[in-house]
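Hi,

Here is the structure I promised to pass on. Have a look first, and my notes follow below.

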Amino acid sequence: MPDAILHIGFGKTGTSSIQKHLSAHAADRIPGTNIVYCAWTREGALLCGNAITAAAAREPLGYISSTPIVPPTLTGLARGIAKIHESGLTPILSQEDWARNGADFISAFESLGLSLQVVAYVRPQIEWFNAGWWQWWAWESGFSQPSEVINAWGTHFLSWAAQLAKWAESDAVEKFDVRLHCDAVVSDFLSLIDGVPITEPDRSNSGIDPLLITLY
């Protein structure tokens, strides 16, 4: 068993639905497993159990994830994981930006000597870009059409393999699963950690209905 399990994204692949399900079961272990959901905060603390439940209850969408920025100290993470291991459990953390901006986090986990199981979801680029356009860029004053996003940023931000390669190459990663986004993404994710199968919940933070996208 790895020291920790990381769900690293990408965005627009059901990440919010996974995080909402994990947050809902944070007061205890994920059903059928010895895995507990935790969140690494910007201040460096590792929230688990009732602290996750309380924090998620304060969020409009009802879930909480780990920080997208490496905290100033790793002490809280190291102590938190050690305490969880003493209880015979394994922590799982989730943050969709870690897939894209993983270098600093990889260094942090490596410096602590942790072994990791990493899970990432990808989506065909055109489908992903279409979903992202209508959630993010279409409403910004800086972009009037999708081509302007590509002109401003190039295409590297769509190169899933190049970004995930940093994780795959890390000596800390003992198991690395790259999965294709699907409608039953929560169930698919639970299958990777041997969790109890569920009836797929309503999607969280979902994109615009395909019929409306066609109309636009």
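Accessible areas here come from the Shrake-Rupley method with a 1.4 Å probe. On that basis, the accessible surface of the protein is about 10,700 Å², and carbon and sulfur atoms own 53% of that area. Bear in mind that this is a predicted model.

Now the overall picture. I count nine helices and six strands in the protein. Its radius of gyration is 17 Å, close to the 17 Å the globule rule gives for 216 residues, so the protein is as compact as a globular protein of that length. The C-alpha trace spans about 55 × 35 × 30 Å along the principal axes. Of the 216 residues, 46% are buried. If you take contacts between residues at least 6 apart in sequence, 75% of them join residues at least 24 apart.

On charges, there are 13 positive and 22 negative side chains, with the centres of the two sets 4 Å apart.

Then the cysteines. There is one disulfide by the distance rule, and cysteine 38 and cysteine 48 form it, with their sulfur atoms 2.5 Å apart. The cut-off is within 2.5 Å. The link is right-handed, at 110 degrees about the S-S bond. Cysteine 38 sits in strand β2 (residues 35-40) and cysteine 48 in strand β3 (residues 46-48), so the pair ties together parts that are 10 residues apart in sequence. Cysteine 38 is buried at 0% relative accessible area, whereas cysteine 48 is partly exposed at 25%. Cysteine 182 is partly exposed too, at 27% relative accessibility.

Cheers

How values were computed:
Residues are numbered from 1 along each chain as its sequence is written. This is a predicted model: local features need pLDDT of at least 70, side-chain atom pairs count only at pLDDT 80 or more; totals for chains, interfaces and linings use all residues. Side-chain values use heavy atoms; hydrogens and water are left out. Helices (H or I, at least four residues) and strands (E, at least two) are DSSP runs, numbered from the N terminus. The radius of gyration is taken over C-alpha atoms; the globule rule is 2.2 Å times the number of residues to the power 0.38. Buried means under 20% relative accessible area, exposed over 50%, partly exposed in between (1.4 Å probe, protein chains only). Contact means heavy atoms within 4.5 Å. Lys and Arg count as positive and Asp and Glu as negative; His and the chain ends are not counted. The place of a charge is taken as NZ of Lys, CZ of Arg, CG of Asp or CD of Glu.
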